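Reader: I'd like to go through this model with you, slowly, and with the cut-offs spelled out as we go.

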Amino acid sequence: MRLDIRYVTRFDYGGPVVESQNELRACPASDAHQQVVHYRVTTTPTARVASHVDYWGTRVDTFGIAAPHQQLEVVAAATVETAARPEPGRDVPLAALADPGWRDEHLEHLQRSPHVAWGAAVAERAHAVAAGLGADADVRGLIEAVDAAVGALEYRPGRTTVGVEVEEVLAVGAGVCQDFAHLAIAMLRVLGVPARYVSGYFFTADDRTGAVAESDEVEVETHAWVEAAVPGFGWWAIDPTNRSAVGERHVTIGRGRDYDDVAPFRGVFNGAPEHELTVNVRMRRLALEPLGTPGAPRLFTGNEG
């Protein structure tokens with residue numbers, strides 16, 4: 001599937017800002033399942049954008065604005081081609097998770113992290129899910145069971161903020177995509193399954209159900225899902241928010257231990273503290289003709305060039 005993505009972040013400050021320094025994570029990853037065709041970042045006021053790849057493999061665009069300004073708009077426009085993803089078999093025994101070398105290789109994704117700091121209740125819930133599988137359970141079955149347990153929670157927009165603890169998410173039984181992802185990661189790590197947080201976009205009419213969009217263009221929000229490591233296979237992606245198969249409608253931006261490693265936008269500024277943030281993301285489904293083919297859909301137009 002070929003998708004256009006237009007990500008717009010706008011800050012309206014309460015007074016003049018004399019300087020701001022910012023970093024953006026909005027560029028789709030290029031890997032075995034998706035390839036970036038086009039990507040460009042523009043800012044208003046204009047700034048020179050520099051880029052690097054962080055420790056987790058995510059592209060980071062950085063820029064500073066030294067001239068006084070009262071508004072800042074950042075537009076990241078991308079075109080990406082995605083594909084279906086393979087799934088692991090059901091022949092990997094749970095004992096494979098205990099291999100010392102494999103655990104050392106994935107140590108960072110087995111430990112607690114700032115947003116995946118589980119306590120007794122989450123650990124107890126995870127072990128209860130595993131106990132229900134029986135003696136002949138395999139690694140895929142264990143991951144699917146955690147996916148189902150977290151997916152049974154209520155999707156409730158506005159219920160939480162990014163900083164809510166996984167113990168609270170479990171206790172309340174409701175949240176949004178980042179809560180579902182953090183809780184699933186916590187339960188998987190408790191059970192010895194390395195798990196990481198994935199930030200990106202999902203081309204859907206409804207985040208909660210994963211319904212296929214009838215329109216070729218939809219407005220979405222940044223989405224989050226999970227990748228779990230399976231011995232002998234690699235990373236397998238699951239989406240506990242809606243339990244949809246992660247495939248060509250999902251666009252990966254970055255991966256990390258939790259949200260803190262892949263936050264879309266960070267910055268500091270010198271000026272009045274009051275400000276209003278507006279974020280808008282639109283995705284458009286395109287035909288797969290090469291760009292520039294007569295009659296092929298055009299990229300989003302606007303000040304991104």
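Reader: Let's start in the sheet: what is the bridge partner of Ser199 in E10?
Author: Ser199 has Ala224 as its bridge partner in E10. The helix and strand names are DSSP runs numbered from the N terminus, a helix being H or I with at least four residues and a strand being E with at least two.

Reader: Before going on, what am I looking at, and how is the numbering done?
Author: This is a predicted model, in which local features need pLDDT of at least 70 and side-chain atom pairs count only at pLDDT 80 or more, while totals for chains, interfaces and linings use all residues. Residues are numbered from 1 along each chain as its sequence is written, and side-chain values use heavy atoms, with hydrogens and water left out.

Reader: What is the mean pLDDT, then?
Author: The mean pLDDT, which is the predictor's confidence in each residue on a scale from 0 to 100, is 92 for the protein, and 93% of its residues reach 70 or more. Confidence is lowest in strand E12 (residues 244–245), at a mean of 88, and highest in strand E13 (residues 250–256), at 98. Over residues 299–305 the pLDDT is below 50, and this stretch has 25 contacts in the model beyond near neighbours in sequence, a contact being heavy atoms within 4.5 Å.

Reader: Back to the sheet: in what order do the strands come?
Author: The order is E12-E11-E10-E8-E13, five strands in an open sheet with antiparallel pairing, where two strands pair if DSSP finds at least two bridges between them. E12 and E13 are the edge strands, each pairing on one side only.

Reader: How many bridges does E8 make with E10, and how many with E13?
Author: E8 and E10 pair over six bridges in the antiparallel sense, and six bridges also join E8 to E13, again antiparallel. Within the second pairing, Gly200 stands opposite Thr252 in E13.

Reader: Is E8 mostly covered or mostly open?
Author: E8 is mostly covered, since eight of its eight residues are buried; buried means under 20% relative accessible area, exposed over 50%, and partly exposed in between, with a 1.4 Å probe and protein chains only.

Reader: And Val251, buried or exposed?
Author: Val251, which lies in strand E13, counts as buried because its relative accessibility is 0%. Not counting residues up to four places away in sequence, Val251 touches residues including Leu3, Ile5, Trp225 and Met283, as well as Ser199 and Gly200.

Reader: Which helices sit on these strands?
Author: H3 lies across E10 and E11 and runs at about 25° to E11. H5 packs on the sheet as well, touching strand E8 (195–202) and E10, and its direction makes about 15° with that of E10. Axes here are lines fitted to C-alpha atoms, for helices over the stretch in contact, and angles run from 0 to 180 degrees between N-to-C directions.

Reader: Why would you call H5 largely enclosed?
Author: Because 14 of the 14 residues of H5 are buried, it is largely enclosed by the rest of the structure. Just after H5, Gly192 takes a positive phi of about 85°.

Reader: What about H2: what span should it have?
Author: The twelve residues of helix H2 (residues 120–131) should span 16 Å at 1.5 Å a residue, and its end C-alpha atoms are 16 Å apart, which agrees; the expected span is 1.5 Å times one less than the number of residues.

Reader: Where do its buried residues point?
Author: The buried residues of H2 are Val122, Ala123, Ala126 and Val129. Seen down the axis of H2, they fall within an arc of 125°, so they line one face of the helix, the arc being that of the directions from the helix axis to the C-beta atoms. These buried residues pack against helix H3 (139–151), helix H4 (166–172) and helix H5 (177–190), whereas Ala120, Glu124 and Ala131 on the other side of H2 are exposed.

Reader: Changing topic, which residue stands opposite Val53 in E4?
Author: Val53, in strand E3 (residues 50–53), stands opposite Arg59 in E4, and E3 pairs with strand E4 (residues 59–65) in the antiparallel sense over four bridges. At 59% relative accessibility, Val53 counts as exposed. The hairpin of E3 and E4 has five residues between the strands, and Gly57 in that hairpin takes a positive phi near 95°.
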